[in-house]
Each structure stands twice: as structure tokens, then as C-alpha cells.
Amino acid sequence: MTAEHQRLAVNAAKKIPLEQWGPYLSERQWGTVREDYSAHGDAWQYFPYEQAHYRTYCWGEDGLAGISDFFQNLCFAVSLWNGKDPILKERLFGLGNKQGNHGEDVKELYYYLDNVPTHYYMEYLYKYPQQEFPYSAIKEENRRRSKDDPEYEILDTGVFDQDEYFDVTITYAKQNAKDIFIRINIHNRYIKPAEITVAPTLWFYNRWNYDGQEKKPVISARSKTSVKAAHSRLGPYYLYFQPPQYCLFTENESNMEKVSGVPNKTPFVKDAFHDAIIKGVNRELLQKRGTGTKFAPVYNYTIGPGQSKTIYLRLSNKITEDPFSGGAAGIFESRRQEADDFYHSIFPAHISPEMAKVQRQALAGLLWSKQYYHFDVERWLTTSDGVTPVNAGKLYGRNHEWRHLKNQDIIAMPDKWEYPWYAAWDLAFQSIAMALVDPVFAKHQLLLIMREWYMKPDGQIPAYEWNFSDVNPPVQAWAALQVYKIEKEKTGKGDIGFLKRIFQKLLINFTWWINRKDANGNNMFEGGFLGLDNIGVFNRSHQLSNDMQLEQADGTSWMGMYALNMMDMALEIAIRDESFEDTATKFFEHFVLIAEALNEQGMWNDEDKFFYDTLSIAGSPVQLRIQSIVGLTTLFAVSVIDKQTLHKLSDFKKRITWFENYRLKNKRYWPNEEHSDGEQILLSLVPQKRVVFLLERLLNEAEFLSSGGIRALSKYHEKNPYTINISGIDYHIKYDPGDSTSDFFGGNSNWRGPVWIPINYLIIQSIRQFGKFYGPGLLVEYPVGSGNKVDLQHVADELTRRVISLFEKDGKGRRLLHGKYNWFYQRPGNQDLLLFYEYFHGDACHGLGASHQTGWTSLVAELIQELGARQEISPSLAKAPTGQSVP
């Protein structure tokens, strides 16, 4: 075992498998629902970026490249000033939802370079302009642009054109769980000397005002190069640092004069460092104070062209008079080598260096995305933040039906800036990638969201904080099986205890779906947007009128998949515990009924050879003939059962045999196939003939198949937009491969043409399952029109290669994901920097949406792992797909 594996083994024995210290600090606390105390639920306006530096938070903290303990009592992050900006760079800047022409978006350059599951080694790169940061230019230009225009990014402003910036690399290396070395390296990329001020900042989360904490913690001067941070719950910690120019103390308290015009009783407020460093205001007063709840040593440098300065600090629970004895560099070298050993032991033996970099950065981003998330809905509804009184608008507004929800946990976020809150189905996908490096934490995350302080008493899983009552696809059972299988392959032993625990919770949630989302009791399901934002011709979460009922192909397919996953899980458990055998039978029979409804109650269009949502208007069904992934979700419910399993479970075998005979005798729908040798059974929502029809569209480059994977909406709709008139109103949808041009769900995500990696992952896994059963007996044309006939395993491999190609360099060092910004990423020092976008352009394949969605885009690491394990990685992967040029 590597050193990291040994540490993980220690964590696995804990009730909560976490390190006390990690990257748990959010990158955006402002603009979140939990900090919104307004009457009308306008989170972006109520707490904008402009107030974040002088107004305290109620529910957590944020910072640049920061860490905290797992209850976020004590926080550390880096603050910078280039001598020109009006404020310190304490946190990442971005636009709120109404400021951006495509919704909220971070406007900074930062990269998660490395991390390991125990966070004994972490590395983060931030690129800080030496010119004044273009806050106003970014806001004004994005406000001027329409939804038909691309977003105006920081690389468009010109501040990075001449390499006039600093590379600020923050690295953490733990001596032990409570002793952390910190290295801040500042490198001048410009051809001239440049000034920079660095203020590494230590502070306490303000619980004393909002959380009923009895005793206020304190940071106090201990020597010229150390302070003591005393906290009644955390215990004492000491920050050691190299000699600075001076030190500053203040309080993590709101500047109420700026917040509401009420004069401050003291100058020791949250933003006091800004005025002291930039304007010299009260600097001497802050230096002399000696105590506070926020502290920073301040370093002023003039760094020559191409030169660097390095600052070492140490945060420890130990008292030492010589914190950097023997030099601090050694611990960083040691922990870096341990990280190398850890990843070398995990990655496929023959993986290329290029693929290893992609995989490692994807996993580093996933590990950096762990965040402390604190939200007690009942307390939020019934208390004030000290700015706005308790009001009826909030009491009966957003999430008021979720008073039981009391979250205070470390959770992997979709994106710590754009989505600094958990989302139910995102977390399921993230857990699959997490299982590659830390299966114990992956299982913990899946179980966590189903605990009683998350799941509603009726069984609903919270969707996300903007509306906990929204409905995400029920992918938790599928994800649990994926995590179970990944761990079993790694260790040789499956965690049946985990399957049993999650199965019990999933039973409750499955029942909620049956009772709430099958209005007519006919096994045809609704669900609303189901995580696909603007995929519909209208907002599927809103009922257009009382005489209309939308029955969703994807809602029905997700439930078919859910039933089949529950059956698979019950069968796996039943091999060791026969009491689960009856439950497997129940889910098998339910799956059959859902498959019958999908195939025989009007969702299949025999002319188009595709599945569609059906809108019932006054009892008359109308198919919404939109060729999107809504119709392709029907492929996801597929399972192959070995006859060996059936032989071990005689009651299950007896029951399904009877059920099959009964249904066939009465000419009812039957969804399974058997091999001629009788050794395997295939269960699928879609019969083989229809699978082939769907694949003819899926593998057609004029429809769903792009150079970077499968599009969310068929390119067919580029020349054939779909329109339907409902109650005198025309609704339209067309192929829209880039940023969203609609306002659905904030307008910052687009499912009308781009490539989404989690959906591609599901498609690839499903096609592999079909390929496992059919083998060389079923060949399809790939791509359609090529005359090239291949089996389905080969199709899955080729789709995997297309997705991976988004991240690879071509012969000129360009990557599809960087698009028009490849000029920047071809420069020395930037060639290996990767971003993991939320989704990718359906034609050009460059990244769009959230830029650090690791998050579910980290699934590319698992795709590389699978392909590597199949010994399919080859030099050809380093090339752009045929016919695809990188801008």
C-alpha cells in the first residue's frame, strides 16, 4: 500500500471518513440561497459580490485557494493586491445571474493542479493580472451582449495578452492531520518588474452572531512570526510564518456603515484590511491591536521579470519555537512523491503521460470540490441576518416546506463557484468518479443525501437549494451499483453492507416516485425538468393548464432504469441474504409494467423510430416530436443476468418464469431476451429492433453524433425547428449548440445541442451492456453512412474516445475544450492546464457553462480508466477526430 492508501485505511475506520482539514472553504458564499433573507427570494441582488468583502456571512465562508477544518470554525486563504485594484483579491470574481448574458459565470483564471483524498498534498494555481482587474469592463460588456452573443471572458479583455500577470501557486503539505505546511509561490510572467502584496489570511467563521456560539474565539499575537487561534470547540491552533513587513488584526464583523448606513462602533470590521493595505487607513491601529478574529501577515514584493518569491507558513496544533527547522521544502517534496505513488498505483499501467495528466487533474478538481455546506432551513426561515427582519415573504417562500432539512456536512460540490451547493443527481455522478480514488467517501456521499436530515419524511430527495422540491433524475440506485462494482474490482470484495443500507433508503424514495409522479397510475411518469433545464419546447416543470397532462419519455425511462437497478441490487444482496429475493421479484415485475407502458402507450413514433414525450390535451394525446436525449434515456435501463445467479435464487427464477409464461400466453408485452445457449438473460426497456433504430440516429453525425460525443438535441433540428401551438401560443425549439438562448432555469445551462459528459457516460455504459449480451451477433454502422460495421463494444469504445478527445492535445498543442483561447494555452507554462467545463459546444466542441465542473465532468477520469483497462489507449487518441480541426 502507498502512504496515501494507508491514510485512507485509517479514515475508512471512522464513522465519517474525513480528514479534519481539507479544501472545505467555498469559492462563493455570496449570491447563494442560504445567505438570502429578502422577502422575494432574489439571492443575487440581496448579497452581491460587491458586498462580500465588507459583509459577514451567516452560513459559511469563502476565499481564494482556501482550507478549513470540517466544521469550518477556522479558515485560511490567500489575499492579493497588485497595487492598482480598488479592493483586495480575497475571492474569485464573477457575474451574478442577471449580470451575465448567459447567467452567472466566474471571470477568473484558476486551476486545480493536484490533490489526494486525504489532502496531504494539494496544489492550486491562480493567475492574477498586473493591470487593474477589469471588473467594470467585464460587467458592462456582458450587460451589453445579447443571448445570441458569446460570453465576454477575462481572456477577451486583453489583460493577459502580453503575459502581464502573476502565477500564484498555493501548495499545502500536511505533516500530520493537524499540522499543515503552506507554500505560496508568486512568479512574475511579465518582461518588467512588478509589485505585489500578499496577505495570507487566517480567520474564524462568525458563529458568535448567528449560530448561538457562547464564547467568541480569538486570534492573538504570540511572537513576531506566530499567532495563536483559540477556539472552544476546535482547540488551540498556531499559525507560523516567515517575517512579514507588518501584521494586521481585525474582526470578522460586518461594516454596517457600508451595509445599511449605520455608523460602526469600531474600526475593526471585516474589510479593514482593504483600507489598511490599499489606502493606509487605520493601518497602525490594526497593527497594534494584537487580537481579533481575522489576521494576516503582509508581504510587499517587487518581483523581477521571470523571477519568483516564495512564502512559507505552517498551521499546526503544536507549539514549536522552530517551525521551519531543516527547511520547509522537504515536506512538499515528500508529499508530492507520495501523491505520484498513489496515482501511479491507480492508473492503468500503460496509460500515456498525456492521459495521466488529464485523469489526474480531473480527479484533483473533484477532490478540491469538497466543501463545508451548512443550512438549517427552519432557522433560516425564522431568524434575521441582522440586516433584514424576519418576513412573511421568506417564511412562506422558497423551500418553506423543507423545515426538517438541517445540513452541516462536507459534500462534493458540482462547482465551488458556479454551483456551491449540492445537487442530487450531480452528486451521484461525482460519486462514481470519486470511487476511483476514495470509494469509502463515495459511498458516504450517496448515503448522506438519503439521511433523515436531507430526505423529506415522504421520501423525496432534495434537488438543490434554489428549489429543494424540484425533481432530478433518480440515478442514486444506478450510481450506488457503479460505486459498488468499482470498489469490488479494486479490492476483490463487494460491500454488501453498503448495498443493504442504501437499498432501504431507496425503497422509500422509489415509493415517493410511484405515489407522486404517476398521476394516472398507468406507469407513465412525469417529473418536470428532470435536470435537463431547457430540453423541452416549454418549461416541463410548469403545467400549462388544468386540462393538460405531460407524460414524459424520460421520466418513464428513468423509473424503468430505477426499477431495474433496484432489482439488480436486490439480486446481488440475495446471493448472500435470501430475504431480499422477494424484493428482487417485486422490482422485476414493476420493470416489466413500466417497459410495457413505454412501448405500448403512445410514446414510440413508428414513423420517426423515436420515443417522445406525450402531452394529453383534454384527453387527446399529442406527441412532442423533439429528437433529444429525452428519447435516448430509454436505452439506459438495461441489465444482463447470468444464469448462474438464477440457479442460486430458485424462488426468483420460478416467479419470473411463471410471469413470462402468463404474459406471453395472454399476448402481453415481454421485455427480455435469452441467448441461444441459455446462459444469459437481457432485460431492456427497448427491444432489439428499436435499439437499432435509436442507434441509427445516435451514431449519425448529421443528428446526435458530434466529434466530442453525443449531443443533447439532434442537429436535425438545425434545419427543422419544432413548433407547437398550445392554446393559441406558439412554442419553438431548435438546435442550439452553444450557450443557452432561453431563460429557463436562469439561462446558464443549455441542453438544446451541446455535449454533456454525464449523459455520454450513461449512454456508453448502456451500449456496453447491450454489447456484452449481443457480442458480434449484432453489428451496426458507425458512423452512419460510413459503411463500417462494428459490434456494440466497439461503438462504446469509439464514443469514449470522442469524449476523451475533448481534453487531448492535437499535433500543435491545441485542445478542443479551449476553443478560441488556445493561443493562451499554447504558451510556455500553460500547455498542461485543463478546465473541466459543464458542457461542450455541439459542433466546435469547446467548453461552455461552469468552467470547473469536477463535478460530473470528472467522469472523464473513469472513462480513461475503463478504456485503459481494456487496453484500448493508443497514440491515435492524441489526434483530433477525423474532420475536426481545433480552432
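1. Two strands pair if DSSP finds at least two bridges between them. By that rule strand 26 is joined to strand 27 (residues 680-684) through 3 bridges, and the two run antiparallel. Helices (H or I, at least four residues) and strands (E, at least two) are DSSP runs, numbered from the N terminus.

2. This is a predicted model, in which local features need pLDDT of at least 70, side-chain atom pairs count only at pLDDT 80 or more, and totals for chains, interfaces and linings use all residues. Residues are numbered from 1 along each chain as its sequence is written, and side-chain values use heavy atoms, with hydrogens and water left out.

3. On confidence: pLDDT is the predictor's confidence in each residue, from 0 to 100. The chain has an average pLDDT of 94, and 97% of the residues score at least 70. Over residues 872-885 pLDDT stays under 50, and the model has 25 contacts beyond four places in sequence for them. Contact here means heavy atoms within 4.5 Å. Where pLDDT is low, the predicted coordinates should not be read in detail.

4. Which residue in strand 27 does Glu-673 stand opposite? The residue opposite Glu-673 is Leu-682.

5. Another open sheet has 9 strands in the order 6-7-8-9-17-13-12-11-15, with antiparallel pairing. Its edge strands, each pairing on one side only, are strand 6 (109-115) and strand 15 (291-292). Strand 13 (residues 237-241) and strand 17 (residues 308-316) run antiparallel and are joined by 4 bridges. Phe-241 has Leu-313 in strand 17 as its bridge partner. Helix 7 (residues 329-346) packs on the sheet and touches strand 6, strand 7 (121-129), strand 8 (165-176), strand 9 (179-188) and strand 17; its direction makes about 85° with that of strand 8. Helix 8 also packs on the sheet, touching strand 6, strand 7 and strand 8, and its direction makes about 100° with that of strand 6.

6. The axes of helix 8 (residues 353-368) and helix 11 (residues 424-434) come within 10 Å and cross at roughly 125°. Angles under 35 degrees count as roughly parallel, over 145 as roughly antiparallel, 65 to 115 as roughly perpendicular and the rest as oblique; helix 8 and helix 11 are therefore oblique to each other. Leu-363, Leu-366 and Leu-367 in helix 8 meet Gln-430, Ala-433 and Met-434 in helix 11. By class, this contact of helix 8 with helix 11 has 5 nonpolar, 1 polar and no charged residues. In that classification Ala, Val, Leu, Ile, Met, Phe, Trp, Tyr, Cys and Pro count as nonpolar, Asp, Glu, Lys and Arg as charged, and the others, Gly among them, as polar.

7. Helix 8 and helix 25 pack at an angle of about 140°, their axes 8 Å apart, which makes helix 8 oblique to helix 25. In this packing Met-355, Val-358, Gln-359, Ala-362 and Leu-363 in helix 8 meet Val-860, Ala-861, Ile-864 and Gln-865 in helix 25. The residues of the contact of helix 8 with helix 25 divide into 7 nonpolar, 2 polar and no charged.

8. Some backbone details deserve a check by eye. The peptide bond from Tyr-782 to Pro-783 is cis, with omega near -20°, and Pro-783 is in the loop between strand 32 (779-781) and strand 33 (789-791). Thr-854 and Gly-855 are joined by a cis peptide bond with omega about 5°; Gly-855 is in the loop between strand 35 (847-848) and helix 25 (859-869). Gln-72 is not a glycine, yet has a positive phi of about 50°.

Technical notes: Axes fitted to C-alpha atoms, helices over the stretch in contact; angles between N-to-C directions.
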